[in-house]
Amino acid sequence: MDKAILDRLVYCEETYAGETETWQDPVTGDYYHVPIEIVRDFDNAMNLNDPN
């Protein structure tokens, strides 16, 4: 996607059960569905039952 478009996109909402976000270009009025990539960091997981 063109950098000029990326720079002006405005976040609208999360859609499709957190798998996609909707963003709008306020200049053209176009909407874009942007896939979300979730990365889980298990190396830094915290045990909630550990009092320390």
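Student: Which residue in β3 is the bridge partner of T20?
Tutor: P35 is the bridge partner of T20 in β3. Strands here are DSSP runs of E with at least two residues, and helices are runs of H or I with at least four residues, numbered from the N terminus. This is a predicted model: local features need pLDDT of at least 70, side-chain atom pairs count only at pLDDT 80 or more, and totals for chains, interfaces and linings use all residues. Residues are numbered from 1 along each chain as its sequence is written, and side-chain values use heavy atoms, with hydrogens and water left out.

Student: In what sense do β2 and β3 pair, and over how many bridges?
Tutor: Antiparallel, over 5 bridges. Two strands pair if DSSP finds at least two bridges between them. β2 and β3 form a hairpin with 6 residues between them. In that turn, G29 has a positive phi of about 85 degrees.

Student: And what about β1 and β2?
Tutor: β1 covers residues 10–15 and pairs with β2 in the antiparallel sense, over 5 bridges. The hairpin has 4 residues between the strands. Y16 in the turn has a positive phi of about 55 degrees. E13 has T22 in β2 as its bridge partner.

Student: What stands opposite T15 in β2?
Tutor: T20 does. T15 itself is in strand β1.

Student: Is T15 buried or exposed?
Tutor: Buried, because its relative accessible area is 14%. The cut-offs are under 20% for buried and over 50% for exposed, with partly exposed in between (1.4 Å probe, protein chains only).

Student: Which residues is T15 in contact with, beyond its neighbours within four places in sequence?
Tutor: T20, E21, T22 and H33. Contact means heavy atoms within 4.5 Å.

Student: Switching topic. How many salt bridges are there in the whole structure?
Tutor: The search finds 2. The criterion is a side-chain nitrogen of Lys or Arg within 4 Å of a carboxyl oxygen of Asp or Glu. One joins D7 and K3, at 3.0 Å, N to O. Both lie in helix α1 (residues 3–8), 4 residues apart, about one turn of the helix. D7 is exposed at 55%, and K3 is exposed at 58%.

Student: Where's the other one, D25 with R8?
Tutor: Their side chains meet at 2.7 Å, N to O. D25 lies in the loop between β2 (20–24) and β3 (31–35) and R8 in helix α1, so the pair ties together parts 17 residues apart in sequence.

Student: How accessible is D25, and how accessible is R8?
Tutor: D25 is buried, with a relative accessible area of 0%. R8 is partly exposed, at 28%.
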